[in-house]
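The sequence and the structure come first.

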Amino acid sequence: MSAALGPPALSSAFVVQDEEVRAFQRDGHVVIRGLTSREEVSAYRDALVEAGRAAPQAEPRPLAERDTYGKAFLQMFNLWRQSEVAKAFVFSRRFAGVAAQLMGVPSVRLYHDQALFKEPGGGATPWHQDQFYWPLETDHTITLWMPLVPATPEMGTMRFASGSHRLGSLGDFAIGDESQQEFDRVIDEKGLRRSPCESFEAGDASFHAGWTLHSAPPNRTTTMREAMTVIYFADGTRVGPLDHPNRQFDRDVWLQGCEPGEPAAGPLNPILYEAGESRSD
Ligand SMILES: O=C(O)CCC(=O)C(=O)O
């Protein structure tokens, strides 16, 4: 995308510090400060919010009528298919390059993106493991979580159970009251550290691994916590068994046309970063 026609391209390389890579591999999560400038992120914000509004999953029910998961955030998927500006954000080579560096892999593909907007008065995000949902035969999965506005712990920024990614699957728990109760217990039982919720400037981002336990407190402010997420996996990953309805759903929606045992490389899973390749987005 040309700078004259829209927001600045997010294609320049961002070199992750060795200490940040070590922290991610040890803890399963890390915050990267200044991944975009405030100006860059604000140039994309309106278009991302607009794409979120236009997404077919827009929530019609008032907060009080939703269950725990529904109260946690408004959730809109694959905004990159709604607008060229949203696509330029999600397909950012800079973001994907950071995902590859943190995982220590040469090349990553897109799984999907999500806007997760925690409304004023919105509820807590229960403890959960993302990879429970994903039929991907790899531990090389990672989510970028980037607020589009300055975000404080009172707005419900993320917290993580450090080291939980090394435990792999901790059971079949979809996000909700049961996962909250079970994983709170597991965290205590295993003596895992709950990382503190941090403050984010717009343009800071956290990254967490697919098996990392994470949650977020309620939004106690009057400001919408607007966050964008992009989920990546290592190129070369194969589709795993579709052994429960959530994984069947994810294969059908995000890995279209890919059968178990085949490479996870459908039309919605482009390569977003390949080491050595220079490409502008
Ligand atoms: O934004 C939140 O509150 C939770 C985000 C999350 O669960 C994720 O990005 O995997």
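In what order do the 4 strands of the open sheet stand, and how are they paired? The order is β4-β9-β6-β7, and the pairing is antiparallel. The model is predicted, and local features are given for residues with pLDDT of at least 70.

- Helix α6 (residues 177-190) lies across β4, β6 (159-162) and β7. Its direction makes an angle of about 55° with β4.

**Helix α5**

- Helix α5 (residues 93-103) is largely enclosed by the rest of the structure, because 10 of its 11 residues are buried.
- Among the buried residues are Arg 93 and Arg 94, as well as Phe 95, Val 98, Leu 102 and Met 103.
- The N-terminal end of α5 is capped by Ser 92, which places a side-chain oxygen 3.2 Å from the backbone nitrogen of Arg 94.
- Just after the helix, Gly 104 has a positive phi of about 75°.

**Asp 130**

- Asp 130 is found in the loop that connects β4 and β5 (141-147).
- This residue is buried but has no salt bridge: Arg 225, the nearest side chain of opposite charge, is 11 Å away.
- The side chain of Asp 130 does make a polar contact of 2.8 Å with the side chain of His 208.
- Leaving aside residues up to four places away in sequence, Asp 130 touches Thr 143, His 208, Gly 210 and His 214.

**Salt bridges within helices**

- The structure has 17 salt bridges.
- One of them pairs Glu 19 with Arg 22, at 3.4 Å from N to O. The two residues are 3 apart in helix α1 (residues 18-27), which means that about one helical turn separates them.
- Glu 19 has a relative accessible area of 41% and is therefore partly exposed.
- In helix α6, Glu 189 and Arg 185 are 4 residues apart, about one turn of the helix. Their side chains form a salt bridge of 2.7 Å, N to O.
- Glu 189 counts as exposed, at 53% relative accessibility, and Arg 185 as partly exposed, at 40%.

- The closest N and O atoms of Arg 33 and Asp 204 are 2.9 Å apart, in a salt bridge. Arg 33 is in the loop between β1 (29-32) and α2 (38-54), and Asp 204 in the loop between β7 and β8 (205-209), so the pair ties together parts that are 171 residues apart in sequence.
- Arg 33 is partly exposed, with 39% relative accessibility, whereas Asp 204 is buried, with a relative accessible area of 6%.
- A network of salt bridges links Arg 33 and Asp 204 with Glu 198.

How values were computed: Residues are numbered from 1 along each chain as its sequence is written. This is a predicted model: local features need pLDDT of at least 70, side-chain atom pairs count only at pLDDT 80 or more; totals for chains, interfaces and linings use all residues. Side-chain values use heavy atoms; hydrogens and water are left out. Two strands pair if DSSP finds at least two bridges between them. Contact means heavy atoms within 4.5 Å. Axes are lines fitted to C-alpha atoms, for helices over the stretch in contact, and angles run from 0 to 180 degrees between N-to-C directions. Buried means under 20% relative accessible area, exposed over 50%, partly exposed in between (1.4 Å probe, protein chains only). A polar contact is a pair of N or O atoms within 3.5 Å; within protein, one must be able to donate a hydrogen and the other to accept it, and residues adjacent in sequence count only if both atoms are side-chain atoms. Lys and Arg count as positive and Asp and Glu as negative; His and the chain ends are not counted. A salt bridge is a side-chain nitrogen of Lys or Arg within 4 Å of a carboxyl oxygen of Asp or Glu.
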